[in-house]
Amino acid sequence: MIRSKCTWTCSQMHSPLRFKYSSTLVSFSNFIPPVVTSRRSTRYPSLMATLSTVSTQQDAASNPIAHPPLQVAKRLEKFKTTIFTQMSMLAIKRGAVNLGQGFPNFDGPEFVKEAAIQAIKDGKNQYARGYGVPEFNSAIACRFKKDTGLDVDPEKEITITSGCTEAIAATMLGLINPGDEVLLFAPFYDSYEATLSMAGAKIKCITLRPPDFAVPIDELKSTITKNTRAILINTPHNPTGKMFTREELNVIASLCIENDVLVFTDEVYDKLAFEMDHISMASLPGMFERTVTMNSLGKTFSLTGWKIGWAIAPPHLTWGVRQAHSFLTFATSTPMQWAAVAALKAPDSYYEELKRDYSAKKAILVEGLNAVGFKVFPSSGTYFVVVDHTPFGLENDIAFCEYLIKEVGVVAIPTSVFCLNPEDGKNLVRFTFCKDEGTLRAAVERMKEKLKRK
């Protein structure tokens, strides 16, 4: 494209990069900024060098203009490019089977997609009400009542967000002040730490350890104090597949009431509970008044690209969530909210079939990983399985995942990137089974053929 005396701004992936040029022929169609690693990944230079080479080669071919230094606020300097982006880049480069990033390689149900198409045709294409299309809020309230027995006010206690990730961000930014102490369970979904850093929180961490990733109750009791502002719980748990037991949740609830602590719960995998029933923290006695329950459409209906989420909380907590939401996205996709109404009206048979389908996929992967020689830990929920990679002789999870991609042609995710202390996750890697059976079998066969115990 030819431009004269103009300014072009790129907002891809990182902070804005501005280029000024005059009467120059430039193509930006394949612009890819250089890879920048997370603070937890810089301990493993081999993989980072590979990633940098991939990015540099693509960049040199597509962009003749030298990059100015990348710019990012200090509170986000330590995060940079996520492990999911890094691994997906290598997967594409190497033609690897991607059992890393947790999105299905199959489509969501036709009746939900048809509802979205119809909403678009019906002209439901302008801004929705900031906290949600009324019919969608009501559908969430009905589902929550059926799941938990709790009556919630769809107008005052439900806020629609752009995916659960925005619900998390709005909750942290709307309810956490700089210096507030927030407790996480590691390993944890990476956006938790990033959004808490944006909020200026002081993060404390309790590590869940194999084989069962049980909550260390004594450590928990000594960690939660009057200084604790909030605790964040993800159940079913990404990346381990753990489901918090009723006994664990009761102890957490008791400590939160005793110390006046808020609870933020990420329950996006609530319909993917295989070994036991999912328990929502808000349903326990005395807990609704101090809990923000976050969820989304994407995992249950295999529509992760729609980014439809919500937060349920009493009015005094909803106020903070909505204040942040108003200045993050203001409103969420209107036609997709209408389609989500149809989704949440799905009969029980839909969820039963969903569990059967994922149980079959899980069996293929778990049986295959055991046959390959991994130590496979139990997964009671989600569509993830965590394994011990040490039988194969690599020094840590990053080195193993690099070898797996380059020499075997399969992608997994190292779990050390989900821990404040990388040593806590260095022996573990995560695989996902939200793929079609052919993809899962192909990955298993590659590992059986090329991965040897040492």
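Leaving aside neighbours within four places in sequence, L297 is in contact with L303, W306, I308, W310, A340, A343 and L344. Contact here means heavy atoms within 4.5 Å. This is a predicted model: local features need pLDDT of at least 70, side-chain atom pairs count only at pLDDT 80 or more, and totals for chains, interfaces and linings use all residues. Residues are numbered from 1 along each chain as its sequence is written, and side-chain values use heavy atoms, with hydrogens and water left out.

**Overall make-up**

- The chain holds 14 helices and 17 strands. Both are DSSP runs, numbered from the N terminus: helices are H or I with at least four residues, strands are E with at least two.
- The chain has 454 residues, and 56% of them count as buried. Buried means under 20% relative accessible area, exposed means over 50%, and partly exposed lies in between (1.4 Å probe, protein chains only).
- Take the contacts with a separation of 6 or more: 73% of them join residues 24 or more positions apart.
- The accessible surface comes to about 19200 Å², and carbon and sulfur atoms hold 52% of it. Areas come from the Shrake-Rupley method with a 1.4 Å probe; for residues, only the protein chains shown count as cover.

**Nonpolar cores**

- The largest nonpolar core has 104 residues. Such a core is a set of buried Ala, Val, Leu, Ile, Met, Phe, Trp, Tyr and Cys residues joined through side-chain atoms within 4.5 Å.
- F136, F264, L297, F301, F374, F431 and M447 touch the most other members of the largest core.
- Helix α12 (residues 348–372) gives the most to this core, with 8 residues.
- Another core lies apart from it, with 25 residues, among them L208, C256, F377 and L428.

**Strand β10**

- Strand β9 (residues 228–234) runs parallel to β10, and 5 bridges join them. Two strands pair if DSSP finds at least two bridges between them.
- A230 has L262 in β10 as its bridge partner.

- Strands of a sheet pair through backbone hydrogen bonds, either parallel or antiparallel.
- β16 pairs with β17 (residues 428–432) in the antiparallel sense over 2 bridges.
- I413 has R430 in β17 as its bridge partner.

**Salt bridges**

- The whole structure has 19 salt bridges. Each is a side-chain nitrogen of Lys or Arg within 4 Å of a carboxyl oxygen of Asp or Glu.
- D147 and R143 meet in a salt bridge at 3.5 Å, N to O. Both lie in helix α4 (residues 134–148), 4 residues apart, about one turn of the helix.
- D147 counts as partly exposed because its relative accessible area is 37%. R143 counts as buried because its relative accessibility is 9%.
- R143 and D147 also belong to a network of salt bridges with D270 and K271.
- D357 and K361 meet in a salt bridge at 3.9 Å, N to O. Both lie in helix α12, 4 residues apart, about one turn of the helix.
- D357 is at 33% relative accessibility, so it counts as partly exposed. K361 has a relative accessible area of 5%, so it is buried.
- K448 forms a salt bridge with E445, with the closest N and O atoms 3.9 Å apart. Both lie in helix α14 (residues 437–450), 3 residues apart, about one turn of the helix.
- K448 counts as partly exposed at 39% relative accessibility. E445 is partly exposed, with a relative accessible area of 46%.

**Nonpolar surface patch**

- L173, M198 and L328 make a nonpolar surface patch of about 230 Å². Patches are made of residues with over 30% relative accessible area and no salt bridge; like charges are joined within 9 Å, and nonpolar side chains (Val, Leu, Ile, Met, Phe, Trp, Tyr) within 5 Å.
- L173 sits in helix α5 (residues 163–175). L173 counts as partly exposed because its relative accessibility is 35%.
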